Amino acid sequence: MTWWMYPILLAAGIGGGLVGAAAGVASLVSYPVLLALGLPPVTANVTNSVALVGGTAGAVAGSRAELAGQSGRIRWLGVAAVLGGVVGSGLLLLAPAGSFELVVPWLIALASAAVLLPRRPGEGERRDGWLLTGGVALIGMYGGYFGAAAGIMMLALLLALTSDSFARGNAMKNTLLGAANAVAALAYALFGPVDWITVVPLGIGFLVGGRIGPAVVRRTRPEVLRVIIALMGLGLAANLAWHAYR
């Protein structure tokens with residue numbers, strides 16, 4: 001890797017970390033950059049996942065106010081997310097994504113549309129506890145296996161099944177997906193084709209961008225963010241569908 005690639009990776013990490021912490025689509029920024037720099041798809045995927053650990057650290061550090069009082073939920077939902085991440089990363093290492101790519105655009109499109117659904121105040125995870133836990137585990141598995149727009153899926157789930165504010169749901173999304181991704185990243189670090197020279201500048205960028213993201217969410221109207229997230233997710237779904245079905 002030549003010297004001029006380092007600032008590109010740093011900028012991609014900052015942009016990806018910011019977008020990931022605020023909207024859940026970090027890979028929309030970083031993954032195409034890794035491919036453009038010449039990394040094979042599987043290498044780009046696992047390298048991106050390892051670097052995203054920096055984004056999680058930044059996002060969680062920037063969301064301490066929103067995560068206050070949620071330690072109990074973080075523990076039991078975190079276990080579900082981690083178990084899902086273990087299964088998903090194992091699937092990727094044993095059977096890299098192939099025909100699954102045909103289904104992903106539809107999953108992302110549905111999740112993006114779900115972000116726009118009206119909230120139901122007062123209805124939380126007490127009623128939908130097992131449904132919420134199962135959904136977190138499945139999305140954690142998806143995040144460990146394929147990962148594209150997993151943040152949008154997790155946010156849509158949390159907004160649908162809890163009465164949390166957008167900012168609190170977004171902070172929980174970052175924490176749960178971060179836990180699932182950390183386990184997947186460990187598996188990739190031990191057994192996957194990680195490009196470690198790329199991980200360092202990209203991970204630093206993710207850390208910076210992830211730290212800024214929660215502040216952006218805190219200062220932006222939830223209605224505006226929901227529309228932006230839905231549009232970004234639908235755009236990603238259309239792009240993936242084009243490549244999968246052409």
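Alanine 23 lies in helix H1, helices being DSSP runs of H or I with at least four residues, numbered from the N terminus. The model is predicted: local features need pLDDT of at least 70 and side-chain atom pairs count only at pLDDT 80 or more, whereas totals for chains, interfaces and linings use all residues. Residues are numbered from 1 along each chain as its sequence is written, and side-chain values use heavy atoms, with hydrogens and water left out.

Alanine 23 and leucine 117 are separated by 94 residues in sequence and by 16 Å between C-alpha atoms. A second residue, threonine 47, belongs to helix H3 (residues 41-62). Both are classified by relative accessible area, where buried means under 20%, exposed over 50% and partly exposed in between (1.4 Å probe, protein chains only). Contact denotes heavy atoms within 4.5 Å.

| Residue | Relative accessibility | Contacts beyond four places in sequence |
|---|---|---|
| Alanine 23 | 6%, buried | Ile152, Lys173, Ile229, Met232 |
| Threonine 47 | 0%, buried | Leu39, Pro193, Val194, Asp195, Thr198, Val199 |

The side chain of threonine 47 also approaches the backbone oxygen of threonine 43, at 2.7 Å.

Helix H1 (residues 5-23) packs with helix H10 (residues 196-218) at an angle of about 35 degrees, their axes lying 6 Å apart. Axes are lines fitted to C-alpha atoms over the stretch in contact, and angles run from 0 to 180 degrees between N-to-C directions. The contact of H1 with H10 comprises 18 nonpolar, eight polar and no charged residues; Asp, Glu, Lys and Arg count as charged, Ala, Val, Leu, Ile, Met, Phe, Trp, Tyr, Cys and Pro as nonpolar, and the others, Gly among them, as polar.

Conventions:
Helices (H or I, at least four residues) and strands (E, at least two) are DSSP runs, numbered from the N terminus. A polar contact is a pair of N or O atoms within 3.5 Å; within protein, one must be able to donate a hydrogen and the other to accept it, and residues adjacent in sequence count only if both atoms are side-chain atoms.
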